[in-house]
Amino acid sequence: HKGYVSGSAITRFFRKSGLNVSLLAQVWDLSDVDNDGRLSSYEFCIAMHLINCVRQGAPLPESLPDTLNYAQHAAGNGGGDMATATAAEQEDGDDDSPQR
């Protein structure tokens, strides 16, 4: 399936983050928004964002914040653009990802 990555395919990559398997499983559960057992490009971005936040010392949220839930944005806010979903964090300077 083009445009998706399965858990088995991404496990080795996520483990390179240095996070323990339990935390990575939680990251997967949070980022697999549609619970289909694979990550779309948007869901992969969510996972990477969560991994980066935890690596910088932030606690992993118990549920996906609305600002990261692309499905909610797509349904109610005119599109599922991940850049829109994380714009507030970039403005606050909390996101260390490279600027485009």
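Biologist: How are α1 and α3 oriented to each other?

Modeller: Two packed helices are described by the angle between their axes and the distance between the axes. Here, helix α1 (residues 7-15) and helix α3 (residues 41-55) pack at about 25 degrees, with axes 12 Å apart. α1 and α3 are therefore roughly parallel. Angles under 35 degrees count as roughly parallel, over 145 as roughly antiparallel, 65 to 115 as roughly perpendicular, and the rest as oblique. Axes are lines fitted to C-alpha atoms, for helices over the stretch in contact, and angles run from 0 to 180 degrees between N-to-C directions. Helices (H or I, at least four residues) and strands (E, at least two) are DSSP runs, numbered from the N terminus.

Biologist: What should I know about the model itself?

Modeller: It is a predicted model: local features need pLDDT of at least 70, side-chain atom pairs count only at pLDDT 80 or more, and totals for chains, interfaces and linings use all residues. Residues are numbered from 1 along each chain as its sequence is written, and side-chain values use heavy atoms, leaving out hydrogens and water.

Biologist: Which residues of α1 and α3 meet?

Modeller: Contact means heavy atoms within 4.5 Å. Ile 10, Phe 13 and Phe 14 of α1 meet Phe 44, Ala 47, Met 48 and Ile 51 of α3. The residues of this contact are seven nonpolar, no polar and no charged. Ala, Val, Leu, Ile, Met, Phe, Trp, Tyr, Cys and Pro count as nonpolar, Asp, Glu, Lys and Arg as charged, and the others, Gly among them, as polar.

Biologist: At what angle do α1 and α2 cross?

Modeller: The axes of α1 and helix α2 (residues 21-31) cross at roughly 130 degrees and come within 11 Å. That makes α1 oblique to α2. Gly 7, Ile 10, Phe 14 and Arg 15 of α1 touch Val 21, Leu 24 and Trp 28 of α2. This contact has five nonpolar residues, one polar and one charged.

Biologist: How many disulfides does the structure have?

Modeller: A disulfide is a covalent bond between the sulfur atoms of two cysteines. The search looks for cysteine sulfur atoms within 2.5 Å. It finds zero disulfides in the whole structure. Cys 45 is partly exposed, at 38% relative accessibility. Cys 53 is also partly exposed, at 25%.

Biologist: Is Ser 40 buried or exposed?

Modeller: Buried means under 20% relative accessible area, exposed over 50%, partly exposed in between (1.4 Å probe, protein chains only). Ser 40 is buried, at 11%. Ser 40 lies in strand β2 (residues 38-40). Beyond its neighbours within four places in sequence, Ser 40 contacts Gly 3, Tyr 4 and Tyr 70.
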